[in-house]
Every structure is written in C-alpha cells, then in structure tokens.
Amino acid sequence: MSTLYFFSVWLHVLAATAWLGGMFFLMLVVVPWLRRGDRASAAKLLAETGVRFRAVGWACFGVVLVTGTFNLWVRGVRLHDFGRAEWLASPFGRTVLLKLGVFAVVVALSAVHDFAVGPSAAAEIARAPDSPRAHALRRQASLLGRTTFLLALLLVALGVAVVRGVPW
C-alpha cells in the first residue's frame with residue numbers, strides 16, 4: 001500500500017502544481033502581456049488560451065479529488081468521521097474540513113468563471129471591446145480569477161497543514 005499511497009500523493013501534488021502553475025502563468029505572464037496590445041485581439045487570444053487551460057484545469061480538479069479522497073482513506077479517514085464531533089473538533093479534522101470546503105468554493109468559482117463569466121466576457125469584448133458591458137464582464141472575470149488564485153494559495157497552505165500539522 002505504501003507504494004500506491006506514495007504514487008497517489010505524488011499525483012495529487014503534480015495535479016495541484018499543474019493547475020496552480022497554469023494560473024500563475026496566465027495571471028503573471030499572459031494577461032499583463034495582452035494588456036499592452038489591441039483589446040479585441042487580446043480577448044480572442046485569452047479566450048482561446050482559457051479554453052485550452054480549462055481542459056487541463058478541470059482534469060487536474062478530477063485528479064486532485066480522486067487522489068485526495070484516496071490519500072485521506074489511507075490515512076484512516078472514513079466517511080463516518082465527518083459526523084463524529086471529536087474528529088471534527090480535532091485540529092486535523094478541522095483542517096481537512098476547511099480544505100475540502102475551500103476546494104468546493106474553488107470548484108464553484110472556477111465553474112462560474114470558466115463556463116459563464118469568462119466566455120461572456122470574451123464574446124462581449126470581441127463584439128464591442130470598449131462597451132460598458134465588456135468592461136464589467138472583464139472585471140468580473142478578473143475578480144473571479146484572482147479570488148480563485150488566492151484561494152488556491154490557501155489550499156496549498158492547508159495541504160501542508162494536513163500533512164505537517166497545524167501551526168496555530
């Protein structure tokens with residue numbers, strides 16, 4: 001079981017790294033670079049890049065969900081533990097629950113960004129780049145992306161806390 005667990009943890013970290021690294025790249029390289037050019041062309045390129053990364057991101061979510069569930073199972077966490085007051089009151093239980101809650105919020109925000117606001121913003125920018133609606137949708141997409149990114153950083157910290165213990 002230890003080899004399988006090792007592989008599962010490795011895959012979990014790899015998927016989280018690919019997802020987070022892709023977000024870093026988009027936010028720190030692609031978006032600032034695109035802001036210097038024609039807004040309509042930039043929106044088209046960002047939309048195409050976003051669609052390609054969306055497939056990677058959602059595959060990573062699936063891998064993280066499956067491996068994270070398995071990793072908890074190997075560590076002795078069972079479904080009934082989520083109903084046990086003493087487990088939920090423990091630092092480990094609270095941290096696991098918080099990590100799962102943040103992950104659920106990240107998935108929900110990502111779904112809104114990837115399937116609603118982002119595509120709407122790209123379409124509106126392509127149609128009328130300087131319209132008030134295009135600006136509003138672009139701001140919404142940006143806010144969702146930044147919020148998701150910050151929550152992803154929190155997920156990394158919570159992942160460390162699950163494995164290494166809570167420092168507070």
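**Entry 1: ground rules and overall fold**

I take helices to be DSSP runs of H or I with at least four residues and strands to be runs of E with at least two, numbered from the N terminus. By that rule I find glycine 21 in helix H1. I am working on a predicted model, where local features need pLDDT of at least 70, side-chain atom pairs count only at pLDDT 80 or more, and totals for chains, interfaces and linings use all residues. I note that residues are numbered from 1 along each chain as its sequence is written, and that side-chain values use heavy atoms, with hydrogens and water left out.

I looked up the secondary structure of the protein, and it comes to five helices and zero strands, so that the pattern read along the sequence is α-α-α-α-α. The C-alpha trace spans about 55 × 30 × 25 Å along its principal axes. Of the 168 residues, 32% count as buried (under 20% relative accessible area, with exposed over 50% and partly exposed in between, for a 1.4 Å probe and protein chains only). I also looked up contacts (heavy atoms within 4.5 Å): among those with a separation of 6 or more, 72% join residues 24 or more positions apart.

For helix lengths I use an expected span of 1.5 Å times one less than the number of residues. H1 has 33 residues and reaches 46 Å from its first C-alpha to its last, close to the 48 Å expected. I find a kink of about 35° in H1, centred on leucine 26, where the bend at a residue is the angle between axes fitted to the seven residues ending there and the seven starting there. Leucine 26 is also one of the buried residues of H1, which include His12, Ala15, Trp19 and Met23.

Helix H4 (residues 91–127) has 37 residues that should span 54 Å, and its end C-alpha atoms are 51 Å apart, which agrees. H4 bends by about 40° at histidine 113. H5 is followed by glycine 165, whose phi is positive, near 100°.

**Entry 2: single residues**

Is threonine 148 buried or exposed? Threonine 148 lies in helix H5, and at 3% relative accessibility it counts as buried. Not counting residues up to four places away in sequence, threonine 148 touches Trp19, Met23, Val106, Leu109 and Ser110; of these, Trp19 and Met23 are listed among the buried residues of H1.

Aspartate 81 lies in the loop between helix H2 (39–74) and helix H3 (85–89), and aspartate 81 is buried, with a relative accessible area of 4%. With the same exclusion of residues up to four places away, aspartate 81 touches Gly76, Trp87 and Leu88.

Glycine 21 counts as partly exposed at 33% relative accessibility, and its C-alpha atom is separated by 29 Å from that of valine 77, 56 residues apart along the chain. Glycine 62, in helix H2, is partly exposed with a relative accessible area of 33%, and its C-alpha atom is separated by 9.0 Å from that of alanine 15, 47 residues apart along the chain.

**Entry 3: pockets**

I use a 1 Å grid over the protein atoms alone: a cavity is a set of points where a 1.4 Å probe fits but cannot get out, a pocket is an open set with protein on both sides within 12 Å along at least five of seven lines, and lining residues have an atom within 4 Å of a point. Grid points are joined across faces, edges and corners, and a volume is the space filled by probe spheres set on the points.

The largest pocket has a volume of about 1,100 Å³. Of the 36 residues that line the largest pocket, the closest to its centre are Val31, Leu46, His113, Ala141 and Ser142. The elements giving two or more residues to this lining are helix H1 (2–34), H2, H4 and helix H5 (132–164), and H2 gives the most, with twelve residues. His113, which is among the residues closest to the centre, is where H4 bends.

The second largest pocket holds about 850 Å³ of space. Its lining has 34 residues, of which His12, Val64, Gly68, Lys99 and Gly159 lie nearest the centre, and H1, H2, H4 and H5 each supply at least two.
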